[in-house]
Amino acid sequence: MFSQFVAQSLPIVGPELIMAVGAMMLLMIGTFRGERSGGLVVSLAVGLILFAAFWLVVVAPGGSAFGGSFILDPFARFMKTLVLVASAAALLMSTAYMKREKLDSFEFPVLIVLCTIGMMVMVSAGDLIALYMGLELQSLAIYVIAAIARDQVKSTEAGLKYFVLGALSSGMLLYGASLVYGFTGQIEFQAIARAVATGEGRSIGLLIGLVFVLVGLAFKISAVPFHMWTPDVYEGAPTPVTALLAGAPKVAAVALLTRFTIQGFGPLTHDWQQVIIFLSLASMLFGAFAAIGQRNIKRLMAYSSIGHMGYVLVGLAAGDEAGVRGVLIYMATYVAMTLGTFAVILSMRRRDGMVEEVSELAGLSRTQPIMALALTTLMLSLAGLPPLLGFWGKYYVFVAAVGAGLVPLAVIGVIASTIGLFYYLRIVKVMWFDEPVGGFEPVGLPLKLVMGAATMLVFPVYIVLAGPLFAAAAAAAQTFF
């Protein structure tokens, strides 16, 4: 009986098993070949992630595994694909940087693979235990890679800050999960929803538990007021780690937050909706205003990401199929724009090292016009200007909010987006109208590939891919309704 149970579950968790076995093999290769194996392990890790993505999309059957603890449905496939693509791109972009900074140890790609497994478990988590296991596997790996530049004070500080605040958020999440279990007697999301719908366990204690879990998840997406780690960690961590942090973990956390609220607490939509609305409003407005004064481009992207998570929460606050579809579309556009932007940031290098100030982009249109054009396209898309891809992400979440009767939330979102135009257009102005301060070193092939692919996806290739993307998002959103 047990063997049959396991045999039914293993094909569903196939992508995760491939990644786990691959991580152990990469660790052995690195151990026996020594420190010089960093480049080889990175290449193998990228191939492993892409193979897992192929297996996920083409081979892995849908369904639930291990008694409902693990779920592979259209929603999970969509978000896991984004996670795997974002992780592979971040790892690909890291090669030249890590080699120049003498950080190209084989442990780095192995940790990213393990981190990615945690994110995949988060996306497919069907109960509170799987939720916590995935979250901690992801977090523990990121704590290490954020501080991987041990000789740099900023990197060590970034890892320490993320660890301390992450441990605090994990404790709050665990406390909330224990309250949810205590008042419902259930750990599986669907069973919790049934218990709440029938009135069992519906009490103030359950609502307190719900809020504590939401606080723990809000930390992972750096929603205000749980954002305090984001600017310092983004600035202090090595730039490839920041590129990873800005993309894949946000996708996994948003997926987990969506599944937890919609699937686990659908009958209490009105209650958790108030919390999500507050987080959304605070994140959009704070992100828009705080980014205005930033001169370091990594810190600017940190506050930008806070604002973008606020826009994502606009769609989640709607609490319906249109809202979830908007969340999915927004995350797909966000990943493309963020990866492309960090490819440009990783290209900002001169003979004396990396530069991170916005002023260092002065006159880029004259020294490296193709890079300037790429960054301009990405900045305008992040600002949400039509007809670029970023516009459609905001369009779908705002339309969902209006359809759910949250018109003031949508209006404030549009206002915050308008404010955000200032710091995005300031970068464009610096590149095209300021006097040049010198060009950057030649860009490596991996960065060119990510930069070019992201820019083309933002415009004009998305015109061709928009139909399949939006259709996939719509099918994934129907999972919960």
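Guide: The rule comes first: rings of Phe, Tyr and Trp, the last by its six-membered ring, pair if their centres lie within 6.5 Å. The model shown here is predicted. By this rule the count comes to 19 aromatic pairs.

Visitor: What describes a pair of aromatic rings?

Guide: A pair is described by the distance of the centres and the angle of the planes. Planes over 60 degrees apart count as edge-to-face. The rings of Tyr175 and Phe212 have centres 5.0 Å apart and planes at 85 degrees, so this pair is edge-to-face.

Visitor: Which helices does this pair link?

Guide: Tyr175 lies in helix 7 (residues 153-184) and Phe212 in helix 9 (residues 204-220), so that distant parts of the chain, 37 residues apart, are linked. Tyr175 is partly exposed, at a relative accessible area of 44%, and Phe212 is partly exposed as well, at 25%.

Visitor: Why is the pair of Phe286 and Tyr303 tilted?

Guide: Planes under 30 degrees apart count as stacked, over 60 as edge-to-face and the rest as tilted. The planes of Phe286 and Tyr303 stand at 55 degrees, with ring centres 5.9 Å apart, and the pair is therefore tilted. This pair too links distant parts of the chain, with Phe286 in helix 13 (residues 269-290) and Tyr303 in helix 14 (residues 297-318), 17 residues apart.

Visitor: Is Tyr303 buried or exposed?

Guide: Tyr303 is buried, with a relative accessible area of 10%, whereas Phe286 is partly exposed at 31%.

Visitor: Which residues do ring pairs link into a cluster?

Guide: Tyr143, Tyr162, Phe163, Phe219 and Trp229 are joined into a cluster by ring pairs.

Technical notes
Residues numbered from 1 in each chain as written. Predicted model: local features only at pLDDT ≥ 70, side-chain atom pairs only at ≥ 80, totals over all residues. Heavy atoms only, no water. Helix = DSSP H or I, 4+ residues; strand = E, 2+ residues; numbered from the N terminus. Buried < 20%, exposed > 50% of the residue type's maximum accessible area, 1.4 Å probe, protein only.
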